[in-house]
Amino acid sequence: MPEVRKYLALTALGAHRETLTADLISAVEKRGCDIVECRLAPLGRQVTAALLIAGNWSALGKLESALPGLAEQLDLQLHYAHTENPDLAPDFRPYAAEVSAPQQSGLLGELVGFFRGQGARVVEITSQGYDSGYTGGAMCGVHIALQVPMTQHPQTLRESFMDLCDDLHADGMLDPIKS
């Protein structure tokens, strides 16, 4: 009989240090669990991690029992919840939006609101502020992974998106994700 895989969503926040990533991954794997998805990123002087962990009920139980001690040992704030594999979305196409714009209040809200108004689902957002190397101006780079309804005409969506970018004084691209 095939082994039933269970899933745990785990988030971690802690002070940045060199061994944190390796320590966290090692702690999960030592308990017989697999990391299905992993996102690690610095936020100021902190590091945040989001992990989707899979294993049989016994391995996940061992990991769950170890989490309070692990949080103390690694000086992390840990939060977790049982979850399932995400539902498939066969009526949607995967798209990626890339935006480079002057840093401005409300930029993410404008972008998310636009896609919501188009019936698209926002799956993932990555946004990072930076100073332009050429001008020193405050800039923002945004990557958004989307699920666009099959009923949405691609060229119409792309033209509307480009109009929004013009209004925001931003450069943007909207392309299908091909993998």
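Which residues line the largest cavity? Ala-12, Leu-13, Leu-20, Thr-21, Leu-24, Leu-40, Val-47, Thr-48, Ala-49 and Leu-76 do. The model is predicted.

**Cavity**

- Searching the whole structure turns up 1 cavity of 30 Å³ or more.
- The volume of the largest cavity is about 40 Å³.
- Three elements each give at least two residues to its lining: β1 (6–15), α1 (20–30) and β3 (46–55).
- The lining of the largest cavity holds 8 nonpolar residues, 2 polar residues and no charged ones.
- Leucines in the lining include Leu-13, Leu-20 and Leu-24.
- Thr-21 and Thr-48 are also among the lining residues.

**Aromatic pairs**

- The count of aromatic pairs is 3.
- One of them joins Phe-114 and Phe-115, with ring centres 5.0 Å apart and planes at 70°.
- That angle is over 60 degrees, so the Phe-114 and Phe-115 pair is edge-to-face.
- Ring pairs also bring in Phe-161, which forms a cluster with Phe-114 and Phe-115.

- Are Phe-114 and Phe-115 buried or exposed?
- Phe-114 has 13% relative accessibility, so Phe-114 counts as buried.
- Phe-115 has 0% relative accessibility, so Phe-115 counts as buried too.
- The cut-off behind both calls is under 20% relative accessible area.

Notes: Residues are numbered from 1 along each chain as its sequence is written. This is a predicted model: local features need pLDDT of at least 70, side-chain atom pairs count only at pLDDT 80 or more; totals for chains, interfaces and linings use all residues. Side-chain values use heavy atoms; hydrogens and water are left out. On a 1 Å grid over the protein atoms alone, a cavity is a set of points where a 1.4 Å probe fits but cannot get out, and a pocket is an open set with protein on both sides within 12 Å along at least five of seven lines; lining residues have an atom within 4 Å of a point. Grid points are joined across faces, edges and corners, and a volume is the space filled by probe spheres set on the points. Helices (H or I, at least four residues) and strands (E, at least two) are DSSP runs, numbered from the N terminus. Ala, Val, Leu, Ile, Met, Phe, Trp, Tyr, Cys and Pro count as nonpolar, Asp, Glu, Lys and Arg as charged, and the others, Gly among them, as polar. Rings of Phe, Tyr and Trp (its six-membered ring) pair if their centres lie within 6.5 Å; planes under 30 degrees apart count as stacked, over 60 as edge-to-face and the rest as tilted. Buried means under 20% relative accessible area, exposed over 50%, partly exposed in between (1.4 Å probe, protein chains only).
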